[in-house]
Amino acid sequence: MSMDIDITLTVNGERVAERVEARKSLVDFVRDDLGLTGSHVGCEHGVCGACTMRVDGVIVRGCLMLAAQCDGSHVETIEGLSDSGEVADLQAAFEQRNALQCGYCTPGMLTAAQELLDQAKAKQSVPSRDEIREHISGNYCRCTGYHAIVDAVESVAKARAGVKS
Amino acid sequence: MKPAPFAYKKARSLDEAIALLGENPDARLLAGGQSLVATLNMRLSAPGLLIAINGIGGLDGIAHKGGAVEIGALTRHCAAERSDAVGKHAPLIARAMPFIGHPAIRNRGTLGGSIAFADPAAELPACLLALDGEIDAQGPKGKRTIKAGDYFKGLYETALGPQEILTAIRLPAANAGSRVGFAELARRHGDYAIVGLAASARADGKGLKDVRLAYFGVGNTPLRAEKSEAALARGDVDGAVAALDLDPHDDIQATGAVKKHLAGVLLRRVAAQLMEQRP
């Protein structure tokens, strides 16, 4: 049986057809084959969250999915979320609140936070600081900047809901 | 840290997956992959073939019927977490869900995968044992049902045969007399437990009966603490803690002695949960 797989998928709205090694992870595929290096490789076993991206509308670990599994899927990386302006307010808040130092965790943090904010919007609610912490609990920041990150996410959650901070 | 090379095949049906398992003794099934892919990356596991079963229809979904809750093997954790049927009829599963990994893990990981993998520190195997649930499996000889008490055999070892596929789990539906409890200690919320406890019981006047305590993270499989169950049914919480006959090994997270102490701490918390609930 072949060790290589032909896949066709959509990445940030563009159709991509490639032949990949079956063992290649999704995050290695977008970084090495597509040159989208915004998704970071940290622990490679699902602990750190640096490779967080969206597949078919939900966040996943890019290191715990194979590119082969994404045949037919819609993949969105931080480049897509950034270029579309979807997370522009989150990015601005991270900058304003000093919610990043080295920036290694930031793409994963933004992508995870955006999912929580989407869920909050659907429920027409503003997530509490505890809920924000829970939703980014799978994302490590080794500069230990969690407090500022929670501040940034909370401020955007309130702004999007039209609540004054 | 990259997996050793393997071939990949997407199975279109259960029969095809079972046949592929028969033809490839070194194959592994790939469902959510949230444990398996990590072990591949670390080369703790090096199968020759991965059989992807995510595309097989009819293996997901949650149904409340005949006094039981049936959860398809490919049901993702996030679906169970949001399910009204699970919240109402399988409250122990609902309580355990937030402790399983993190949101991105719960979006992919499956209930069947967790039970099939049988990690001794995982939440769902202990819940299944505490609830006296059942596992449906299908193999070359057809379908069979395995009781939770007969299913967990050893470290990552279950009663499933080499060509059998877990297709669903079944739990008795909760009713007015049902009591459940769940507690877990981990260094970071969502990580594997240092020690955890899933429990079920039935209300008996002001007391409890049919108490089932299933610990995880303290042995090679989820473990019942039967002497403590009997003490708790007598209303004797101190006696239940004293009767804990667990003998956990030291591991990377804690010594066996610390784990045993923490098992007692969790027992008090879970006993309070079991006794507090009113319909």
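**Exercise 1. Find how many residues of chain A are in contact with how many of chain B, and describe the side that chain A contributes.**

Step 1. Contact requires that the C-beta atoms of two residues, placed from the backbone, lie within 7 Å. By that rule, 27 residues of chain A touch 28 residues of chain B. The model is a predicted one: local features need pLDDT of at least 70, side-chain atom pairs count only at pLDDT 80 or more, and totals for chains, interfaces and linings use all residues. Residues are numbered from 1 along each chain as its sequence is written, and chains are lettered from A and ligands numbered from 1 in the order in which they are written.

Step 2. Helices (H or I, at least four residues) and strands (E, at least two) are DSSP runs, numbered from the N terminus. On chain A, the elements giving two or more residues to this side are β4, α4 and α5 (129-135). With four residues, β4(A) gives the most.

Step 3. By type, the side of chain A has 13 nonpolar, nine polar and five charged residues. Here Ala, Val, Leu, Ile, Met, Phe, Trp, Tyr, Cys and Pro count as nonpolar, Asp, Glu, Lys and Arg as charged, and the others, Gly among them, as polar.

**Exercise 2. Decide whether helix α8 (residues 123-130) of chain B is enclosed or open, and say why.**

Step 1. A residue is buried if 20 or more other C-beta atoms lie within 10 Å of its own, exposed if 12 or fewer, and partly exposed in between, with C-beta atoms placed from the backbone.

Step 2. Eight of the eight residues of α8(B) are buried, so this helix is largely enclosed by the rest of the structure. Among them are B:E123, B:L124 and B:C127.

Step 3. B:A96 is in contact with B:E123, B:L124, B:C127, B:F182 and B:A198, leaving aside neighbours within four places in sequence.

Step 4. After α8(B) comes B:D132, with a positive phi near 55°.
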